[in-house]
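Subject: Structure for you to look at

Dear colleague,

Here is the structure I said I would pass on. My notes follow it.

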Amino acid sequence: HEALLFADVDLETNTREMTMAVSTRRFGSILSLNFPVPIDHDIGGGSVGLTPIVGDALVDPAFLKRVRFLRSLPRIDRIFVTTNAIALDRYSTEEVLESGLTAVYISTSGFERESYDRIYRSTIRGAYDRMRDNVTALVKKNTELGKPATITIGIRTDRSLQDVMKDPDMQ
């Protein structure tokens, strides 16, 4: 049975430390470990998700270092993150795509400012523009590099999919 690893930013220390919860079907338990976690013992391997329950993994200044560390472990074959893409511009898109991530899931309401502002109510100035520009840059660079990562756009909206697909910035 494969172990599924999910790393979460420790809210108490606010990204200075990462805590990894290990959930395995074999052991039926959840362990809390400080990052970097000693993955040498027999907990399996396979997928590692770097998506915090609250917040965004990309705000962690050591995010790419953590991805590279995990990629160096032979038992880890998939590393993914879900992000709102606002903080993606903290790094170069090439650096993100060549870090070892195998999948990036973008969580957004679509590509229309009014809908985005209504649903997310973000207090970050220019959040929609940053998200849109960051996603566009990521998709373009991923294509240039031969698609090293799978990029999935997860739409969370109060509109029909047909309406979302007509958004001007979706084109």
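A residue counts as buried when its relative accessible area is under 20%, and a contact means heavy atoms within 4.5 Å. Both terms are used below. Please keep in mind that this is a predicted model.

Confidence

The mean pLDDT of the chain is 76, with 72% of the residues at 70 or more. Over residues 1-43 the pLDDT stays under 50, although the model has 103 contacts beyond four places in sequence for that stretch. Where pLDDT is low, the predicted coordinates should not be read in detail.

Overall layout

There are five helices and seven strands in the chain. Their order along the sequence is β-β-β-β-α-β-α-β-α-α-β-α. Of the 171 residues, 42% are buried. Among contacts with a separation of 6 or more, 63% join residues 24 or more positions apart. The chain exposes about 9400 Å², and carbon and sulfur atoms supply 53% of that area.

Core

The largest nonpolar core has 30 residues, and the members that touch the most others are Leu50, Phe63, Ile79, Leu101 and Met131. At least two residues each come from α1 (63-71), β5 (76-83), α2 (93-97), β6 (103-108) and α4 (127-144). The largest share is that of α4, with five residues. Met131 has contacts with Asn84, Ala85, Ile86, Thr108, Gly110, Phe111 and Tyr116, leaving aside residues up to four places away in sequence.

Helix α4

Does the length of α4 agree or disagree with what its residue count predicts? The 18 residues of α4 should span 26 Å at 1.5 Å a residue, and the C-alpha atoms at its ends are 26 Å apart, so the two agree. The buried residues of α4 are Ala127, Tyr128, Met131, Arg132, Asn134, Val135, Leu138, Lys141 and Asn142. Their cover includes α2, β6, α3 and β7 (150-155). After α4 comes Gly146, with a positive phi near 85 degrees.

Aromatic pairs

The structure holds four aromatic pairs. One of them joins Phe63 and Tyr91: the ring centres are 6.2 Å apart and the planes stand at 50 degrees, so this pair is tilted. Phe63 is in helix α1 and Tyr91 is in the loop between β5 and α2, so the pair ties together parts 28 residues apart in sequence. Both Phe63 and Tyr91 are buried.

Tyr116 and Tyr128 form an edge-to-face pair, at 5.4 Å centre to centre and with 65 degrees between the planes. Since Tyr116 lies in helix α3 (residues 113-120) and Tyr128 in helix α4, the pair ties together parts that are 12 residues apart in sequence. Tyr116 is buried, at a relative accessible area of 3%. Tyr128 counts as buried too, because its relative accessibility is 2%. Together with Tyr120, Tyr116 and Tyr128 form one aromatic cluster.

Where to look

- Met131, which is among the core residues that touch the most other members and has Tyr116 among its contacts.
- The cluster of Tyr116, Tyr120 and Tyr128.

Regards

Note on methods: Residues numbered from 1 in each chain as written. Predicted model: local features only at pLDDT ≥ 70, side-chain atom pairs only at ≥ 80, totals over all residues. Heavy atoms only, no water. pLDDT = per-residue confidence, 0-100. Core = buried A, V, L, I, M, F, W, Y, C linked by side-chain atoms within 4.5 Å. Buried < 20%, exposed > 50% of the residue type's maximum accessible area, 1.4 Å probe, protein only. Helix = DSSP H or I, 4+ residues; strand = E, 2+ residues; numbered from the N terminus. Areas by Shrake-Rupley, 256 points an atom, 1.4 Å probe, with all protein chains shown as cover. Phe/Tyr/Trp six-rings, centres within 6.5 Å; stacked < 30°, edge-to-face > 60°. Expected span 1.5 Å × (residues − 1).
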